[in-house]
Amino acid sequence: MAALIAENFRFLSLFFKSKDVMIFNGLVALGTVGSEELFSVVAFHCPCSPARNYIYGLAAIGVPALVLFLIGVIWNNHTWNLVAECHKRGVKNFSAAATFLLFGSIMGRASVAAITWSVISLLRGEAYICALSEFVKPSSLDKFPAEYGADVLAKFPCRDVPANLTKFRDEVTRRLRYESQLFGWLLIGIVAVLIFLTKCLKHCCSPLSYRQEAYWAQYRSNEDRLFRRTAEVHSRILAANNVKQFFGFVALDKEEKELVQEFPVEGVQPSPQWNAITGVYIYRENKGFPLYSRLHKWAKGVEGNGPTPEGHELLFLAS
């Protein structure tokens with residue numbers, strides 16, 4: 001039971017452990033705030049027309065949030081690791097709960113910008129007022145003229161109303177802004193509580209020590225950085241060799257000449273090796289020693305994804 005719980009919350013541990021992730025999420029939120037402010041000033045114009053206000057107001061809140069969410073999913077490396085895992089090996093190597101939580105990790109990170117946009121939109125209130133002004137019941141307004149209806153209420157966000165309705169417009173605007181900001185603060189509170197509970201579960205259920213978690217995070221960061229840098233140099237040298245073979249020479253600058261001389265590249269890695277180091281990684285221990293990534297596992301020559309007679313494998317999702 002403890003192993004299952006540890007597996008289920010493995011990704012949460014490192015998700016909130018990574019300072020880089022938190023900094024990135026903060027930058028995404030700040031960028032979203034700026035974008036929302038620019039959108040409100042430049043692009044948002046309530047139609048002030050019955051039946052159109054509601055659609056336009058909800059679209060102003062929801063559509064940009066949906067676009068930001070999809071961009072977050074696309075930019076998340078876990079998305080494509082999961083796609084590669086399903087394409088090459090399926091998800092049979094880890095439980096349904098782990099699969100669900102991996103989706104949760106992807107959705108959670110992608111939701112940062114979307115939630116930020118929704119919160120700022122609700123706190124500003126313009127879109128909410130535009131969407132719901134026509135649905136305010138005239139009977140709820142003291143001494144509201146009976147000859148006016150939803151068509152006039154729909155014009156309240158644009159201030160294009162008769163002079164005798166100015167005080168009613170101010171009251172409706174104030175009431176709807178209050179509701180909008182209330183929903184915005186409630187959304188902030190719900191997200192904060194969820195983050196707090198997740199961190200509590202992480203600290204309670206994490207099977208690894210604090211120092212080992214920190215080392216694992218550092219290892220994955222360094223491996224990814226060195227892999228990208230080495231892959232860039234390797235591909236440049238390979239391209240230079242192929243161009244030279246075609247033309248008989250290759251035009252290189254001083255730095256590239258030094259790279260070609262220092263790191264001779266004679267071939268490329270076969271597809272099985274690329275497949276072996278690509279996909280969702282589940283933390284394992286082999287003969288008591290940790291395997292921190294698919295590349296680490298490949299380098300140690302450990303085959304397969306299931307438990308082996310030679311070693312015990314702990315199934316924990318990497319973030």
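This is a predicted model: local features need pLDDT of at least 70, side-chain atom pairs count only at pLDDT 80 or more; totals for chains, interfaces and linings use all residues.

Biologist: What is the average pLDDT of the chain, and which helices have the lowest and highest confidence?

Modeller: The average is 78, with 77% of the residues scoring at least 70. Helix α1 (residues 2–8) is lowest, at a mean of 39, and helix α10 (residues 210–247) is highest, at 92.

Biologist: What makes a stretch a helix or a strand here?

Modeller: Both are DSSP runs, numbered from the N terminus: helices are H or I over at least four residues, and strands are E over at least two. By that rule the chain has 13 helices and three strands.

Biologist: Which residues carry the "transmembrane region" annotation?

Modeller: The unreviewed UniProt entry puts it on residues 21–42, 54–75, 96–120 and 182–201. UniProt positions are in the numbering used here, feature names are shortened, and annotations may be inferred rather than shown by experiment. In the model, residues 54–75 are 100% helix and 0% strand, with end C-alpha atoms 32 Å apart. Residues 182–201 are also 100% helix and 0% strand, and their end C-alpha atoms are 29 Å apart.

Biologist: How does the reach of helix α4 compare with what is expected?

Modeller: Helix α4 (residues 53–75) has 23 residues and reaches 33 Å from first C-alpha to last, close to the expected 33 Å. The expected span is 1.5 Å times one less than the number of residues.

Biologist: Where does α4 bend?

Modeller: At Ala59, by about 35°. That bend is the angle between axes fitted to the seven residues ending there and the seven starting there.

Biologist: Why is Ala60 called buried?

Modeller: Ala60 sits in helix α4, and its relative accessibility is 7%, so it counts as buried. Buried means under 20% relative accessible area, exposed over 50%, and partly exposed in between (1.4 Å probe, protein chains only). Other buried residues of α4 include Gly57, Pro64 and Phe69. Ala60 is also 9.5 Å from Ala43, C-alpha to C-alpha, though they are 17 residues apart in sequence.

Biologist: How do you know whether Arg169 is buried or exposed?

Modeller: Arg169 has 10% relative accessibility, so it counts as buried. It lies in helix α9 (residues 166–205), and beyond its neighbours within four places in sequence it is in contact with Phe156, Arg159 and Val161.

Biologist: And Thr79, buried or exposed?

Modeller: Thr79, at 12%, counts as buried. It is in helix α5 (residues 77–88), and leaving aside neighbours within four places, it is in contact with Val73 and Ile106.

Biologist: Why does Val302 count as buried?

Modeller: Val302 comes out at 16% relative accessibility, so it counts as buried, although it is in the loop between α13 (294–299) and β3 (316–317).

Biologist: What makes the phi of Ala51 stand out?

Modeller: It is near 75°, a positive value in a residue other than glycine. Most residues other than glycine have a negative phi. Ala51 lies in the loop between α3 (19–42) and α4, and at 54% relative accessibility, it counts as exposed.

Biologist: What is the phi of Lys287, and where does that residue sit?

Modeller: Lys287 has a positive phi of about 55°, and it sits in the loop between β1 (282–286) and β2 (289–291). With 54% relative accessibility, Lys287 counts as exposed.

Biologist: How much of the chain is buried?

Modeller: Buried residues make up 37% of the 319 residues.

Note on methods
Residues are numbered from 1 along each chain as its sequence is written. Side-chain values use heavy atoms; hydrogens and water are left out. pLDDT is the predictor's confidence in each residue, from 0 to 100. Contact means heavy atoms within 4.5 Å.
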